[in-house]
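Here is a short report on one structure. Keep the sequence and the 3D view at hand as you read.

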Amino acid sequence: MKLLFVGDVVGSPGRRVLGDVLPGLRERHAPDWIVVNGENSAGGLGITAKTARSLFEMGADAITLGNHAYRHREAYGYLDDEPRIVRPGNYVKGNPGRGHTVVEKDGARLGVVNLSGSVFMKAARSPFTEADAILGELDGKADHVLVDFHAEATSEKVAMGWHVDGRVTACVGTHTHVPTADARVLPGGTAYISDVGMTGARDSVIGVRREQALEAFRTQMPVRFETADESPWVNAVLIEAGPNGLASSIEQLLVTP
Ligand SMILES: [Fe+2]
Ligand SMILES: [Fe+2]
């Protein structure tokens, strides 16, 4: 089984570069599954039905989210109705959407889990106990399981990797928009990376126009942020796994068109 996971797609430049690069990646790697983090896909913040549909049309089998999940109120009904999208499972129970799902294709079942970090992030419950609860619910219902841990602190992400090692196929970090150099298969068989990075403008400050982000840091005054579009690239990982649900490899893909 091959799974391609794409890091936070930022705005229309992110969607555009993913659309440009994905056909080549599909041809070269022939992934069985494509999962995309879409929390920044609408104008750089949040997701809408329109941007979600564009990611599905490109070939995404599932979409994960993060702290910007609820940015666009008009998407709440869509999050409830579309079973292929997950938002952090450890948010307040009853909030729009779901925290985990199972997508099926050609008789194979992929469990997709989204969790939010609790260090410097909003979370109603511990991501560690929530992971246990969700994995209990998925037991016997999925052949492979992917966890997108949307978190700020590398320490919490590394800890989550150890927490789920041997219990899921892959635990990939998102949210910082900066790819880390620690991709590996942990001893128990879980593919892990602290952060996959982002898909969008590389010549930016994590997706925001450079001069605007710099002005905010220099002046410490409010600045209107716009999505950057210079030098877009795709940050992703390719995970290979066996029928036992555990990973044999994880490869970092940093692709310019
Ligand atoms: Fe993000
Ligand atoms: Fe985020």
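Arg210 is partly exposed, because its relative accessible area is 37%. Here buried means under 20% relative accessible area, exposed means over 50%, and partly exposed lies in between, with a 1.4 Å probe and protein chains only. Glu230 is also partly exposed, at 32%.

The side chains of Glu230 and Arg210 meet in a salt bridge, 2.8 Å from N to O. The pair links distant parts of the chain: Arg210 is in helix H6 (210–219), and Glu230 is in the loop between helix H6 and strand S12 (232–241), 20 residues apart. A salt bridge is a side-chain nitrogen of Lys or Arg within 4 Å of a carboxyl oxygen of Asp or Glu. Helices (H or I, at least four residues) and strands (E, at least two) are DSSP runs, numbered from the N terminus.

## How to read the model

This is a predicted model: local features need pLDDT of at least 70, side-chain atom pairs count only at pLDDT 80 or more, and totals for chains, interfaces and linings use all residues. Residues are numbered from 1 along each chain as its sequence is written, chains are lettered from A and ligands numbered from 1 in the order in which they are written, and side-chain values use heavy atoms, with hydrogens and water left out.

## Other salt bridges

How many salt bridges does a search of the whole structure find? The search finds nine. One of them joins Arg109 and Asp143, whose closest N and O atoms are 3.1 Å apart. Arg109 lies in strand S6 (residues 108–116) and Asp143 in the loop between helix H4 (127–138) and S7, so the pair ties together parts that are 34 residues apart in sequence. Arg109 counts as partly exposed at 26% relative accessibility. Asp143 counts as partly exposed at 31%.

Asp132 and Arg167 form a salt bridge through their side chains, 2.9 Å from N to O. Asp132 is in helix H4 and Arg167 in the loop between H5 and S8, 35 residues apart. Asp132 is partly exposed, with 33% relative accessibility. Arg167 is partly exposed at 39%.

## Iron ion, ligand 1

Which residues are the protein donors of the iron ion (ligand 1)? They are Asp8 (OD), Glu39 (OE), Asn40 (OD1) and His177 (NE2), lying 2.1 to 2.2 Å from the ion. Donors are N, O and S atoms within 2.8 Å of the metal (3.2 Å for Na, K and Ca); water is not among the atoms, so sites may look incomplete. In sequence the donor residues of ligand 1 follow the spacing D-x30-E-N-x136-H.

Asp8 sits in the loop between strand S1 (2–6) and helix H1 (11–29), and His177 in the loop between strand S8 (170–174) and strand S9 (184–185), so the pair ties together parts that are 169 residues apart in sequence. Asp8 counts as buried, at 0% relative accessibility. His177 counts as buried at 9%.

The four donor atoms around ligand 1 subtend angles of 90 to 163°, which makes the arrangement irregular. Four donors count as tetrahedral if all angles lie between 85 and 135 degrees; four count as square planar and six as octahedral if opposite donors are over 155 degrees apart and all others between 65 and 115; anything else is irregular.

Asn67 lies in the loop between strand S3 (62–64) and helix H3 (76–81), and His175 in the loop between S8 and S9, so the pair ties together parts that are 108 residues apart in sequence.

Is Asn67 buried or partly exposed? Asn67 counts as partly exposed, at 33% relative accessibility. His175 counts as buried, at 12%.

S8 is mostly covered: five of its five residues are buried. Ala170, Val172 and Thr174 point one way, while Cys171 and Gly173 point the other way.

Strand S7 (residues 144–150) runs parallel to S8, joined by five bridges. Strands pair if DSSP finds at least two bridges between them. Phe149 stands opposite Gly173 in S8. S8 also pairs with strand S10 (residues 191–193) in the parallel sense, over three bridges. There, Ala170 stands opposite Ala191.
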